[in-house]
Amino acid sequence: MSPDSPTALIAEDEPLLAQALAAELARAWPQLRILASVGDGASAVVQALALRPEVLFFDIRMPGQGGLDAAADLAEAWPDGTAFPALVFVTAYDQYAVQAFEAQALDYLLKPVQPARLERTVARVQALLAERATDASGGAATLEQLRLLVAQAQPAAAAAPLRVIQASVGSSIRMVPIDEVLAFETADNYVRVLTAGHAYLIRTPLKDLLPQLEGGVFWQVHRGTVVRAGAIDSVLRDEAGKLSLVVRGRSEKFAVSRLHAGLFRAM
Amino acid sequence: MAIDWISKLRHLLQTLAFCLAVSAIQLVFLPDRPWQGPVAYSLANGVIAWAVIDFGRLLFPSDTGWPRGWRGVGLVVLGILMGHLLGNAVGDYLCRVNGWYPRNGAVQMQLGTTLLITALAGIVVTYYFYSQNKSAWLLRQMGEAQRHASEARLKLLETQLEPHMLFNTLANLRVLIASDAPRAQQMLDHMIAYLRATLAASRGTTHSLQAEFDRLRDYLELMAVRMGPRLAYTLDLPAELAGQPVPTLLLQPLVENAIQHGLEPVIAGGRITVTARADGATLELEVADSGAGLSTAPDTATGFGLAQVRERLATLYGSQGAIKVIAKEHAGTRALVTFPLKA
């Protein structure tokens, strides 16, 4: 097999299904080389960065980190200048995710994988890779799709948006009105709730908090950071091209991840 | 507030019919008087009382559609008084303009008599509408309770036939058919037994503890094919307890929680142990996992499974059934179900 034949990475936690996908791919796309097959999201990120495959097959539900989060992490860590791999998600049943895929034109496969459907996916990925060979700008579009996808795959917003954050301070519960909150920031197993001059810790994960926030008022700017859009003072770009922002009322800088950099373009 | 004009019209027509009946009775007792007088009085009284009561209750919204406590009584009294005062004025006006009073001027009805008639009629009609309203409300309540029960059953079925589990299992089966047919057959047998039990569980039956453990084995075998070396399990059922009756698939949500919240987050997987033992006159069933513990999963994540086990225990054993969940951070979770042994 020639060394420049296309390469792929499979992330699937069920061993039989990983083998089967590799076998089906061998039939549908004989030139494709499977560089590695891993069983969890964190390994998928590590292996993808080390091996630089051109195609990724990510299962959505995996132990530890799922496929969507792994893809988002990988997008953050992916070096500039090289095209982001073509991404195909694999799922048995994830309503929200499938709707999001339909909207974002990233490809997905439903388990059990049907040979005819797999052939269509292979054709799409091949077309994408061929397009990239002639056009070096590929990748930016994938990042944008991925950002929208991660945002859309969240469950629908809660009916009533959160009005008050209940944070325990010692033995008492402090009621923090949502209007005073400037940012939420993940810190280990906690989320830091930042107001002008105060910080509170709560145990509700950011992922569960997000759907309860009123749409448009808070922007997610990083995997672990959500800021009040109206309180953003300025956005700065450093020499390496990384964005960070300053929020009125807070002294620290908040990093803006590459996945969310698209939010900040001059009008 | 949206007003149901159709039902208001129905009430008005019923009120009119009742008023005509009352004036007909009056005519029977005083046949020599012109008939228009009592009819005019009766209709004017009734319509005004109806309007005050039927529209007045819109001001005091409640589930039943009837104001609670003294407000309900007060509204009726107000309606009757208004009907009496205004109605008599209107009736008097109509009679005088049209000349419906008896010519000999003999009898103007006593004020007390008309008040008594209005009050009796008002109470009877109000009571009629009230009880009609109440039975409609009770019917609605019953319908809601029934819907709630079927929803709970559907939800139980849905969690046990979780689509993610179903399609992943089918995907594994599809692979095995080509590569290892005998194992595919075994897996299919486990699945058939599990599906059968799932349907039985949604109908709320009981089976023996032996059958319960067999079904747990079916479920765990299906999961073991999917998870490979990440799942190990032990089922420990003493022979003398095998015949004890237990609600069908009572422990299944607990085993599912142990896999989903205990083993799934841990990349290396872990072990699930299900044990039955007798403690005096109490049967103890324990589902333990060596997984993540409940460190990150709040009550809501495990909520439905646990709530449903608790509910089934409460229905069958009252205060004698209990479930306890003990979680240690990073050291697994133990769910302990207890209920009386059957002698």
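Strand β4 of chain A is mostly covered, since six of its six residues are buried, where a residue counts as buried if 20 or more other C-beta atoms, placed from the backbone, lie within 10 Å of its own, as exposed if 12 or fewer do, and as partly exposed in between. The model is a predicted one, in which local features need pLDDT of at least 70 and side-chain atom pairs count only at pLDDT 80 or more, while totals for chains, interfaces and linings use all residues. Residues are numbered from 1 along each chain as its sequence is written, and chains are lettered from A and ligands numbered from 1 in the order in which they are written.

Both faces of β4(A) are covered, with A:Ala86, A:Val88 and A:Val90 buried on one side and A:Leu87, A:Phe89 and A:Thr91 buried on the other. In a regular strand the side chains alternate between the two faces of the sheet. Strands and helices are here DSSP runs, of at least two residues (E) for a strand and at least four (H or I) for a helix, numbered from the N terminus.

The open sheet of chain A consists of five strands in the order β2-β1-β3-β4-β5, paired in parallel; two strands pair if DSSP finds at least two bridges between them. At the edges stand β2 (33–38) and β5 (107–110) of chain A, each with a single partner strand, so one side of each has no neighbour in the sheet. From one strand to the next the twist averages 20°. On one flank, β4(A), residues 86–91, is joined to β5(A) by four bridges, the two strands running parallel, and A:Val88 has A:Asp107 of β5(A) as its bridge partner. Helix α1 of chain A, residues 15–28, packs on this sheet and touches β1 (7–11), β2 and β3 (55–59) of chain A, its direction making about 170° with that of β2(A); such angles run from 0 to 180 degrees between N-to-C directions, and axes are lines fitted to C-alpha atoms, for helices over the stretch in contact. Five bridges pair β3(A) with β4(A), again in the parallel sense, and A:Asp59 stands opposite A:Val90 in β4(A).

In soluble globular proteins, nonpolar side chains tend to be buried together. A nonpolar core is a set of buried Ala, Val, Leu, Ile, Met, Phe, Trp, Tyr and Cys residues joined through C-beta atoms within 7 Å. The largest such core has 85 residues, of which A:Ala11, A:Phe57, A:Phe58, A:Ala71, A:Val88, A:Phe89 and B:Val255 touch the most other members. Helix α7 of chain B (residues 209–227) gives the most to this core, with nine residues. Apart from this core lies another, of 19 residues, including A:Leu182 and A:Val226.

Chain B contains nine helices and seven strands, and buried residues make up 32% of its 343 residues. Two of its helices, α6(B), residues 181–202, and α7(B), pack at an angle of about 135° with their axes 9 Å apart. That angle makes α6(B) oblique to α7(B), because angles under 35 degrees count as roughly parallel, over 145 as roughly antiparallel, 65 to 115 as roughly perpendicular and the rest as oblique. Among the residues that make the contact are B:Met187 and B:Tyr194 of α6(B), together with B:Tyr219 and B:Leu222 of α7(B), where contact asks for C-beta atoms, placed from the backbone, within 7 Å.

Technical notes
Contact = placed C-beta atoms within 7 Å.
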